[in-house]
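Hello,

Here is the structure I promised to pass on to you. Please have it open while you read, as my notes follow below.

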Amino acid sequence: QVQLQESGPGLVKPSQTLSLTCRVSGGSLTFSYYAWSWIRQPPGKGLEWMGVMHYDGRTYLSPTLKNRTSMSRDTSKNQFSLQLASVTPEDTAVYYCARMIGAAPYEYDTWGPGIQVTVSS
């Protein structure tokens, strides 16, 4: 059974770069049936999709965030990461990593517990 666990700082200062990591256990990042995403939820708002990385490393980022966002992975550690640059208080949210089934209907079947990130000076 696959499990995902987010890690990173809980507090980031404005203008800094937020770096989060999702450790995957019980499944491989390179298995072709799945893709791996970051999704966030600001307080009082809905879920916001940030990006996805497929089994072969192809990455697609949200158009509204792509200028500040990048994703990377370390297959030797079976983990993938998110970097969000120039953060502002509007980036305060619970950040989730999730596994997506890489075929229609492209549903998310496994989520990490989420990590609260606050942007504040």
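Leaving aside its neighbours within four places in sequence, which residues is Gln83 in contact with? They are Thr17, Leu18, Ser19, Arg68, Thr69, Ser70, Met71 and Ser72, where contact means heavy atoms within 4.5 Å.

Before the rest, a word on the basis. This is a predicted model, with pLDDT of at least 70 needed for local features and 80 or more for side-chain atom pairs, while totals for chains, interfaces and linings use all residues. Residues are numbered from 1 along each chain as its sequence is written, and side-chain values use heavy atoms, with hydrogens and water left out.

Back to Gln83. The side chain of Gln83 makes a polar contact of 3.4 Å with that of Ser72. (A polar contact is a pair of N or O atoms within 3.5 Å; within protein, one must be able to donate a hydrogen and the other to accept it, and residues adjacent in sequence count only if both atoms are side-chain atoms.) Gln83 sits in strand E8, residues 79–84; helices (H or I, at least four residues) and strands (E, at least two) are DSSP runs numbered from the N terminus.

Is E8 buried or exposed? 6 of the 6 residues of E8 are buried, so this strand is largely enclosed by the rest of the structure. Buried means under 20% relative accessible area, exposed over 50%, and partly exposed in between, with a 1.4 Å probe and protein chains only. Gln79, Ser81 and Gln83 point one way from E8, and Phe80, Leu82 and Leu84 point the other way.

Now the sheet. An open sheet is formed by 4 strands in the order E1-E3-E8-E7, with antiparallel pairing; two strands pair if DSSP finds at least two bridges between them. E1 (3–7) and E7 stand at the edges with a single partner strand each, so one side of each has no neighbour in the sheet. Going through the pairs:

- E1 and E3 are joined by 5 bridges, and Glu6 stands opposite Cys22 in E3.
- E3 (residues 18–25) and E8 are joined by 6 bridges, with Leu82 in E8 as the bridge partner of Leu20.
- E7 (residues 69–74) and E8 pair over 6 bridges, with Phe80 in E8 as the bridge partner of Arg73.

In the hairpin of E7 and E8 there are 4 residues between the strands, and Asn78 takes a positive phi near 55°.

The last topic is charge pairs. How many salt bridges does the structure hold? There are 5, a salt bridge being a side-chain nitrogen of Lys or Arg within 4 Å of a carboxyl oxygen of Asp or Glu. One of them joins Arg40 and Asp91 (2.9 Å, N to O). Arg40 lies in strand E4 (residues 34–41) and Asp91 in the loop between E8 and strand E9 (93–101), so this pair ties together parts 51 residues apart in sequence. Asp91 also meets Arg68 in a salt bridge (2.9 Å, N to O). Asp91 counts as buried at 2% relative accessibility, whereas Arg68, at 24%, counts as partly exposed.

Another salt bridge is between Arg99 and Asp109 (2.7 Å, N to O). Arg99 is in strand E9 and Asp109 in strand E10 (residues 108–111), so the pair ties together parts 10 residues apart in sequence. Salt bridges that share partners also join Arg40, Glu48, Arg68 and Asp91 into one network.
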